[in-house]
Amino acid sequence: NTYAVVPFHLGMEAYKADGKRLLALAVDLCIEARGDRDDVAILGSIPPICGSYQPDSFDASVAGPVIDDFLNAYCNKVDVLLLETIGSVKEADFYLRKIKETEGKPLPVWLSFCLEIEPGYHQHPRLLSGDSLTSAVQALSESGHLDLDNRIEAILVNCCDIRVVALALEELRVALAATNKQHVIRTGAYPNAFSVPPPGAANHTLRHFDSNITPDRLKTRAVEWMALGADIVGGCCGVGPEHIEALAKLRHNDDCNDDARAEKKELSSSA
């Protein structure tokens, strides 16, 4: 995983000394792990380069050279570029423009936003910058990033509280419909097994997992998300292999309707 191979996590001196080697090593390990399987895609992670959960810390002068290192490491080796845990439209726009300038074989891009958790969570999900998902999609559309000749294949939410996902997917569906892209751009989610850490916590604070988010519970939630149009589901921080194994069964599971009914019953009883 290359998510933490940035100056924010390693420190600038360590990154300058070893960053490119670590990026190359991570990609090579992924290729080795995939072996000769043709049903496994490698996603090249591009994180918030100037700080997770801190969209205000974004600095193009720092991020520019680092994203170049990421794109060089991924060239002809990964299948998808994954911009993940992105907290602002400004940062997303910068990365998308850098990707568009990249020479070589064009790669599809999955753009995933990190959402804040508000009290009650029965509200419109917002990016960490405070922007709504609707305004984010509008901004991407107005900037031309959603045009067919660009590379955004999917818009997702990740590293967020599991309770906001359904609302986020519904808002994404409506926002994409307003740009006539609802049948072109895929949607999805891979939330945490705990809430978004406070600013600055990415390097300094350990989080307690929510033991209520079991593999079966995540699977049940995923069925709900799929009913809302998501076709990419997974897990982020605190989500382990057993959770992913449960989600993988949905690919060939004829009991999804039963899971959806169970989820509806659960939501009704907790309302």
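Helices (H or I, at least four residues) and strands (E, at least two) are DSSP runs, numbered from the N terminus. The exercises below use a predicted model.

**Exercise 1. How many helices and strands does the chain have, and what percentage of its residues count as buried?**

Solution. 
- Start with the elements. The chain holds nine helices and six strands.
- Turn to burial. Of 271 residues, 47% count as buried.
- Finish with contacts. Take those between residues at least 6 apart in sequence: 76% join residues at least 24 apart.

**Exercise 2. Which strands are joined to β4, and in what direction do they run?**

Solution. 
- Take β3 (residues 109–114). Six bridges join β3 to β4, and the two run parallel.
- Locate one pair. C114 stands opposite N158 of β4.
- Take β5 next. Five bridges link β4 to β5, again in parallel.
- Locate a pair here too. I155 has T187 of β5 as its bridge partner.
- Check the burial of β4. Six of its seven residues are buried, so β4 is largely enclosed by the rest of the structure.

**Exercise 3. Where does UniProt place the feature "binding site", and why do its residues gather at one spot?**

Solution. 
- Read the record. The unreviewed UniProt entry places "binding site" at C159, C236 and C237.
- Compare sequence with space. The residues span 79 positions in sequence, yet no two of their C-alpha atoms are more than 6.5 Å apart, so they gather at one spot.
- Judge the accessibility of C159. The cut-off for buried is under 20% relative accessible area. C159 has 1%, so it is buried.
- Judge C237. Its value is 27%, so C237 is partly exposed.
- List the contacts of C237. Leaving out residues up to four places away in sequence, C237 touches Y53, C159, N192, A193 and F194.

**Exercise 4. K181 is buried; which side chain of opposite charge is nearest to it?**

Solution. 
- Locate K181. It sits in the loop between α6 and β5 (186–190).
- The nearest side chain of opposite charge is D147, 4.8 Å away.
- Apply the cut-off. A salt bridge needs a side-chain nitrogen of Lys or Arg within 4 Å of a carboxyl oxygen of Asp or Glu. K181 has no salt bridge.
- List the contacts. Leaving out residues up to four places away in sequence, K181 touches L146, D147 and L176.

Key: Residues numbered from 1 in each chain as written. Predicted model: local features only at pLDDT ≥ 70, side-chain atom pairs only at ≥ 80, totals over all residues. Heavy atoms only, no water. UniProt positions renumbered as here; feature names shortened; annotations may be inferred. Buried < 20%, exposed > 50% of the residue type's maximum accessible area, 1.4 Å probe, protein only. Contact = heavy atoms within 4.5 Å. Lys, Arg positive; Asp, Glu negative; His and termini not counted. Pairing = 2+ DSSP bridges.
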